[in-house]
Amino acid sequence: LVRNGGDVYLSNKPADYILDRDLADNAIQWLHTQKAAAPDKPFFIYFAPGTAHSPHQAPADWIAKFRGRFDRGWDAVRRDTFAREKALGIIPANADLTSRPDVIPDWDSLSAEEKRVQARAMEVFAGMLAFQDAQFGRLLDEIDRMGIADNTLIMFVEGDNGGTPEGGLHGELNEGGVMANGLDEPVSEMAARLDQMGGPNTMGKYSVGWGWATNSPFQWTKQVASHLGGTRNPLVVVWPGHVPAGGSVRGQYTYVADIYPTLLEAAGVPVPAEVEGARQQPLDGISFAYSFAQPSAASQRTQQIYELFGNRAIYDDGWLANTRPKRLPWYYGPTSGSPLDYQWELYYLPDDYSQAHDIAAKH
């Protein structure tokens, strides 16, 4: 743990200690101290919970809020999510829902015991995500209570490169044991520990079925950097007086490196050549502040490359050329063959938001 550049060591933690609550407590305490010392001085908070990452853990009462919510399975959740995204206008009306990769099982093919285990794993994840949202909400509520919300720019990024497939086909309760020692966790053993899932004695992850479902409507998942399901994450920007109220979607192509120069431009701070004696590298990012008041402005970032474990893609002004995955993303061994062996696909995203229609054969 790091606070303001210094290491943080925790001791005498209460029995119900959980990191996200502590991070919010620290952020609020720091804000009080900063405003007490220099009320008129601007502040910057980088609040970084590890929530969407494994291990999936949450307070038991938050997990209980979602009991039974995922009994219909990942196929149904993915379809329901897709319908809500369209109804809310988050995705275009002509977007298509991509199909399930053959390697991911149909929910209806699972046994009753498997379904119980899988549904609980997603209840844990949902409880964890909801608890994180509540902690971030506490920080926003305090900014509002202090009367500084109208002069505060908030950027909220959710996700860890897309929903994870790393729990494999069955999920995990002991991530370290599986990764380091190839631990076998029978479904019967996981079912016997159902009430422990998400607690301090498990280091769990849901299975790839849920990772795929939570990336609706995109193909694939985290680690598959060739596909949008492995790279695309939500960004929410709130800045009263600069970003129109009421909520609207921006379609400009934006990369995570663009956040830093955007914050600098918004704050009126020049790009520093040096920070605490260290020369700074040239920025790769491009400010997207131009999009705040111009929903239909042309994208200023027109090219970007992606690569992870051999899965590659290049974006160029609406076109996305990408390799087809060869290695299952929950496989921890080496990948055979040459980088030249991959098959390439091609998509035109302005007409195909979800990367659903490969047009490589036509071009």
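## Close-up views of aromatic rings

**View A. Tyr255 is partly exposed, at 27% relative accessible area.** Tyr306, by contrast, counts as buried because its relative accessibility is 17%. Buried means under 20% relative accessible area, exposed over 50%, and partly exposed in between (1.4 Å probe, protein chains only). The model is predicted: local features need pLDDT of at least 70 and side-chain atom pairs 80 or more, while totals for chains, interfaces and linings use all residues. Numbering starts from 1 along each chain as its sequence is written, and side-chain values use heavy atoms, without hydrogens or water.

**View B. The model has 14 aromatic pairs.** Rings of Phe, Tyr and Trp (its six-membered ring) pair if their centres lie within 6.5 Å; planes under 30 degrees apart are stacked, over 60 edge-to-face, the rest tilted. Phe136 and Phe156 are a tilted pair, with centres 4.9 Å apart and 45° between the planes. Phe136 is in helix 4 (residues 112-145) and Phe156 in strand 3 (residues 154-157), so this pair ties together parts 20 residues apart in sequence. Helices (H or I, at least four residues) and strands (E, at least two) are DSSP runs numbered from the N terminus. Phe136 is buried, at 15% relative accessibility.

**View C. Tyr255 and Tyr306 form an edge-to-face pair, with centres 5.9 Å apart and planes at 75°.** Tyr255 is in the loop between strand 4 (235-238) and helix 8 (259-267), and Tyr306 in strand 7 (residues 303-308), 51 residues apart.

**View D. The charged end of Lys326 sits over the ring of Tyr342, 5.2 Å from its centre.** Here NZ of Lys or CZ of Arg must be within 6 Å of the ring centre and within 35 degrees of the ring normal. Arg327 lies over the face of Phe309, 4.6 Å from the ring centre.
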